Every structure is written in C-alpha cells, then in structure tokens.
Amino acid sequence: MKKRETKLWLKLKSQKSKIIWTRIENSAAHGTPDVLGYNENHIFFTVELKVKWSEKISFSPHQIAFHFTHPKRTFILVEEQQKVPGPSAIKLYEGTAVHALVGGAHPPHVACGLSACCLWLEKLK
C-alpha cells in the first residue's frame, strides 16, 4: 500500500466501529483490495483505499479487473485531498463505480464521512 493510503488505513482502523478490519498485503494476487472487513452480520467485504489528488483516481488494470469481476461487496474508500480537510473528504463507493472513478466522473457514493462510511458497512447484510 502506498504511503498516502497507509495514512487512510490508519484513520480507518482507528475509527470506532463494529467491523473487524484485516489489512491485506498481497503481492501474489495483483489487484486484491487493501482491506478485508467483517461485520456483526457475518458479512465479509473488501475495501480498496485511494487518495484523490486530482479529478481522476489512479487504479491499476488489476484493480479495475478485480472490481469488475467481483461486483458484490467490494467497495472503494476515497479520501479527497482538500486545502481545508472536512468530513466530506472521505467517500465510499461501490466497487462497480470503478470505471466512472477512473474516467474522472463523479458517480453516486453510498456514504460520506469516515464514520458514516463505517456505519454503512456495519449494516451490510
């Protein structure tokens, strides 16, 4: 995981939630998301962590392929770098939004703000 995404990971794991987080460090299966989550409803899901510095978000072809071939319970957590950080700087997207995010579009997000993102993932069934 890149250094900027490591900072996002630290924010995520320090956020109070009912999710068990496991950081995935995998060099064998390229494109595997950064984090595996498990909620109280016994649901596993993956989260790709991205830090957005410009209009477009950079994904490897393997990451795009992963989200395309795994359309259920895959998510992308994006932190937008702003001059004045605010609660809306972090947004959660479904993995199926990967193509729109790569193209610089603004697809609908499922939650906004780190606590709201975690709460949304806690309620997955």
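How many salt bridges does the structure hold? I counted a salt bridge where a side-chain nitrogen of Lys or Arg lies within 4 Å of a carboxyl oxygen of Asp or Glu, and the structure holds 4.

Notes on the model. This is a predicted model, in which local features need pLDDT of at least 70 and side-chain atom pairs count only at pLDDT 80 or more, while totals for chains, interfaces and linings use all residues. Residues are numbered from 1 along each chain as its sequence is written, and side-chain values use heavy atoms, with hydrogens and water left out.

Entry, salt bridge. I looked up Lys-50 and Glu-5, whose side chains meet in a salt bridge at 3.9 Å, N to O. The pair links distant parts of the chain, with Lys-50 in strand β3 and Glu-5 in helix α1 (residues 3-14), 45 residues apart. Helices (H or I, at least four residues) and strands (E, at least two) are DSSP runs, numbered from the N terminus.

Entry, sheet. I found 6 strands in an open sheet of mixed pairing, in the order β1-β2-β3-β4-β5-β6; two strands pair if DSSP finds at least two bridges between them. The edge strands, β1 (20-23) and β6 (111-112), each pair on one side only. Strand β5 (residues 90-94) runs antiparallel to β6 and is joined to it by 2 bridges. Leu-92 stands opposite Ala-111 in β6.

Entry, helix. Helix α4 (residues 114-122) packs on the sheet and touches β1, β3 (44-52), β4 (74-80), β5 and β6, contact meaning heavy atoms within 4.5 Å.

Note on methods: Axes are lines fitted to C-alpha atoms, for helices over the stretch in contact, and angles run from 0 to 180 degrees between N-to-C directions.
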